[in-house]
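Visitor: Hi, I have a structure open on my screen and would like to talk it through. Could you help me find my way around?

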Amino acid sequence: NGDKLNLLYFGDSIGTGAGASGDFDKLADLLSAGIASRTGARTLMRNASVGGINSSDAKLITEGKLTSIREDFRNSATASYNVLEKYAPVTDVAFIAFGANDCAGNMPSATFEMNICAVADYLREKNPDVTIIFVTSMNISPKVKKSAEKGGANLNIYDIEKYADVLDGLESEYENSANADIFRLQRSLLTAKKWEDLIADNLNHPCDYMQRVYVQGIIATTGI
């Protein structure tokens, strides 16, 4: 109806739009446009995503413990914190999207749950009425391994489906929330498509097509 809708996306490099070709809009901008198209609202997206971080880093950012973040991420983390502090109080819908880097770091699901709850609690403290959409990450390609000097281990270490189960539970725990399960959506697509059809860099960043799958999956979850 033309009303303004304030959106906030907080995630990792997928949230920054990594994997987009540059010929099309990135994930968060596509999501904002899609919600505007479906609702008629004037959407304004703020993006607090930081490439390379996991859910533990996200928790540290919400706590303002920026010196505890890896030095090469610290400037981006500081910018993220500033976005969160300024806009979380006026956000109508917030998207929390982590998991790929947690998977690569073998993060236990219990730790992942604690971290995501801390982020959700932070957002609810800033605005008790905010709608929270948890976003289960797409999976890392099982074909990609770390460099030989790091042992050659596969980057797809931890089962992201366990994170999906965690977020399903949080959907029940937090009122006015939902889990956009991109992991299982991606898995269903892989029954007919190849990994290379969905991943831009053959690692864990969605190509232009998969970024649209993300947007469609998130919007379908909201029910708008």
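Guide: Happy to: we can go through the sheet, the helices, the salt bridges and the cysteines. Please keep in mind that this is a predicted model.

Visitor: Let's begin with the sheet. What is the strand order, and which way do the strands pair?

Guide: The order is β2-β1-β3-β4-β5 in an open sheet of five strands, and the pairing is parallel.

Visitor: Which strands are at the edges?

Guide: Those are β2, residues 42-47, and β5, residues 177-181. Each of them pairs on one side only. From one strand to the next, the twist averages 20°.

Visitor: How many bridges join β1 to β3?

Guide: There are five, between β1 (residues 4-11) and β3 (residues 93-97), and the two strands run parallel. To pick out a partner pair on your screen, go to Leu 7: its bridge partner in β3 is Val 93.

Visitor: Now the helices. What does α7 lie across?

Guide: α7 lies across β4 (131-136) and β5, and runs at about 160° to β5.

Visitor: And how does α7 sit against α8? What's the angle?

Guide: Their axes cross at roughly 135° and come within 9 Å. That makes α7 oblique to α8.

Visitor: Which residues make that contact?

Guide: From α7 you have Ile 160, Glu 161, Ala 164, Asp 165 and Asp 168. From α8 the contact uses Phe 183, Arg 184 and Arg 187.

Visitor: I see charged residues in there. Which salt bridges does Glu 161 make with arginines?

Guide: The side chain of Glu 161 meets Arg 184 in a salt bridge at 3.4 Å, N to O. That pair links distant parts of the chain, 23 residues apart, with Glu 161 in helix α7 (residues 160-173) and Arg 184 in helix α8 (residues 182-189). Glu 161 also forms a salt bridge with Arg 187, at 3.0 Å, N to O. Since Arg 187 is in helix α8 and Glu 161 in helix α7, this pair ties together parts that are 26 residues apart in sequence.

Visitor: How many salt bridges does the structure hold?

Guide: Nine. Another of interest is the one between the side chains of Lys 126 and Glu 85, at 3.1 Å, N to O. Lys 126 is in helix α6 (residues 109-126) and Glu 85 in helix α4 (residues 74-87), so the pair links distant parts of the chain, 41 residues apart. Lys 126 is partly exposed, with a relative accessible area of 29%, and Glu 85 is also partly exposed, at 30%.

Visitor: Changing topic: how many disulfides are there?

Guide: A search of the whole structure finds zero. Take Cys 117: the nearest cysteine sulfur is that of Cys 103, 20 Å away. The cut-off for a disulfide is 2.5 Å between the sulfur atoms, so Cys 117 is in none. Cys 207 is in no disulfide either, as its nearest cysteine sulfur, that of Cys 103, is 19 Å away.

Visitor: Are those two, Cys 117 and Cys 207, buried or exposed?

Guide: Cys 117 is buried, with a relative accessible area of 13%. Cys 207 counts as buried too, at 13% relative accessibility.

Visitor: One more. I clicked on Val 50: where is it found?

Guide: Val 50 is in the loop between β2 and α3 (55-62). Its relative accessible area is 2%, and because buried means under 20%, Val 50 is buried.

Visitor: What is Val 50 in contact with?

Guide: Leaving aside neighbours within four places in sequence, Val 50 is in contact with Gly 11, Asp 12, Ser 13, Thr 16, Ile 61, Phe 73, Ser 76, Ala 77 and Ser 80.

Visitor: And how far apart are Val 50 and Tyr 174?

Guide: They are 25 Å apart in space, C-alpha to C-alpha, and 124 residues apart in sequence.

Terms used: Residues numbered from 1 in each chain as written. Predicted model: local features only at pLDDT ≥ 70, side-chain atom pairs only at ≥ 80, totals over all residues. Heavy atoms only, no water. Salt bridge = Lys/Arg side-chain N within 4 Å of Asp/Glu carboxyl O. Helix = DSSP H or I, 4+ residues; strand = E, 2+ residues; numbered from the N terminus. Buried < 20%, exposed > 50% of the residue type's maximum accessible area, 1.4 Å probe, protein only. Pairing = 2+ DSSP bridges. Axes fitted to C-alpha atoms, helices over the stretch in contact; angles between N-to-C directions. Contact = heavy atoms within 4.5 Å. Parallel < 35°, antiparallel > 145°, perpendicular 65-115°, else oblique.
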